[in-house]
Amino acid sequence: MVWFFKRFRSKIARIEVSGAIASKTRQDVLKALDTVAERKYRALLLRIDSPGGTVTDSHEIYQALRRLRDKHGVKVVASFGNISASGGVYIGMGAEKIVSNPGTITGSIGVILRGNNLERLLDKIGVSFKTIKSGPYKDILAFDRELSDGEQQILQSLIDNTYDQFVETVATARQLPVETVREFADGRIFNGQQALELKLVDAIGTEEDARRLAASLAGLDPERAELDEIEIAKPFWAKLLRSNTSVSRLSATSEWLEFELTTNGMPLWMYRP
């Protein structure tokens with residue numbers, strides 16, 4: 001069986017994280033990272049093309065990347081694609097090095113939580129709700145009324161604490177003072193070139209440049225080391241729809257709507273243009 005693992009040692013594993021990061025993404029990426037560890041790859045190229053997503057799912061991917069590096073000695077290089085913002089940045093902090101395209105949309109370091117207030121609409125159509133609760137904050141973010149001052153303070157404290165976690169992770173990963181990170185971690189976005197100036201990324205380049213860097217870090221020949229795609233499982237119907245552009249767009253819109261509905265009221269590391 002030694003030959004089976006040996007053939008992976010000369011290749012670079014590649015995993016792509018695309019779209020909004022939620023539970024399904026986390027499950028698929030963690031499974032792919034387990035494959036990287038089991039096959040004993042020496043390097044991983046992590047391609048990120050994501051606006052971010054849920055806090056917990058992003059954090060678990062980041063932690064898994066750190067374990068892959070610390071426990072299994074895998075060299076991890078992140079390649080930022082069209083967009084790698086908020087939670088996309090967070091998981092990128094799990095890489096040893098980050099290569100960004102100069103035009104990549106990145107940054108958006110911060111936390112957002114949104115709820116819906118339909119009180120005026122419900123009043124117009126004559127619908128009201130009767131709520132029996134065990135405490136004053138049990139129905140926080142209820143969609144049929146405004147937030148109270150106390151609820152506003154509770155949620156702001158939650159967001160501030162989650163934001164601090166983000167800032168500290170970036171500061172540690174990029175070896176920057178926390179206060180330096182806070183200066184640009186106000187939700188703003190920047191391109192890859194600006195991110196380099198802020199030391200949020202290590203180099204400007206393409207995915208091919210990131211591959212070559214991963215090979216060098218792992219002691220492989222950059223000219224010969226091939227990428228080995230670790231496929232993220234997709235439903236059978238998704239593969240059929242991929243060739244039809246209009247249907248594919250409809251599917252993407254449906255997935256985004258599902259994400260919006262399932263994460264309503266949750267703190268997000270998410271870029272929302």
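Is L141 buried, partly exposed or exposed? In this predicted model, L141 has a relative accessible area of 24% and therefore counts as partly exposed, since the class of buried residues ends under 20% and that of exposed residues begins over 50%. L141 is placed in the loop between α5 and α6, the latter spanning residues 149-174. The backbone of L141 has a phi near 70°, a positive value in a residue that is not glycine. Most residues other than glycine have a negative phi.

A positive phi also occurs at S108, another residue that is not a glycine, where the angle is about 55°. S108 belongs to the loop between β6 and α5. With a relative accessibility of 7%, S108 is classed as buried.

The loop between β6 (105-107) and α5 (119-125) also holds L118 and N117. N117 is partly exposed, at 36% relative accessibility. Beyond four places in sequence, the contacts of N117 are with F143, D144, R145 and E146. Although N117 and E146 are 29 residues apart along the chain, their C-alpha atoms are separated by 6.5 Å. L118 is likewise partly exposed, and its relative accessible area is 34%. The nonpolar patch in question is formed by L118, L121, I125, V127, F129 and F143, which together have about 520 Å² of accessible area.

Strand β6 contains T106. The relative accessible area of T106 is 0%, so this residue is buried. The side chain of T106 reaches the backbone oxygen of S84 at a distance of 2.7 Å. Setting aside neighbours within four places in sequence, T106 is in contact with F80, S84, A85 and V89, and also with R188, I189, F190, N191, A195 and L200.

Confidence was considered for the chain as a whole and for one segment. The protein chain has a mean pLDDT of 89, and 89% of its residues reach 70 or more. Over residues 236-241, pLDDT stays under 50. For this segment the model has 6 contacts beyond four places in sequence. Where pLDDT is low, predicted coordinates should not be read in detail.

Definitions and conventions:
Residues are numbered from 1 along each chain as its sequence is written. This is a predicted model: local features need pLDDT of at least 70, side-chain atom pairs count only at pLDDT 80 or more; totals for chains, interfaces and linings use all residues. Side-chain values use heavy atoms; hydrogens and water are left out. Patches are made of residues with over 30% relative accessible area and no salt bridge: like charges are joined within 9 Å, nonpolar side chains (Val, Leu, Ile, Met, Phe, Trp, Tyr) within 5 Å. Accessible areas come from the Shrake-Rupley method with a 1.4 Å probe; for residues, only the protein chains shown count as cover. A salt bridge is a side-chain nitrogen of Lys or Arg within 4 Å of a carboxyl oxygen of Asp or Glu. Helices (H or I, at least four residues) and strands (E, at least two) are DSSP runs, numbered from the N terminus. Buried means under 20% relative accessible area, exposed over 50%, partly exposed in between (1.4 Å probe, protein chains only). pLDDT is the predictor's confidence in each residue, from 0 to 100. Contact means heavy atoms within 4.5 Å. A polar contact is a pair of N or O atoms within 3.5 Å; within protein, one must be able to donate a hydrogen and the other to accept it, and residues adjacent in sequence count only if both atoms are side-chain atoms.
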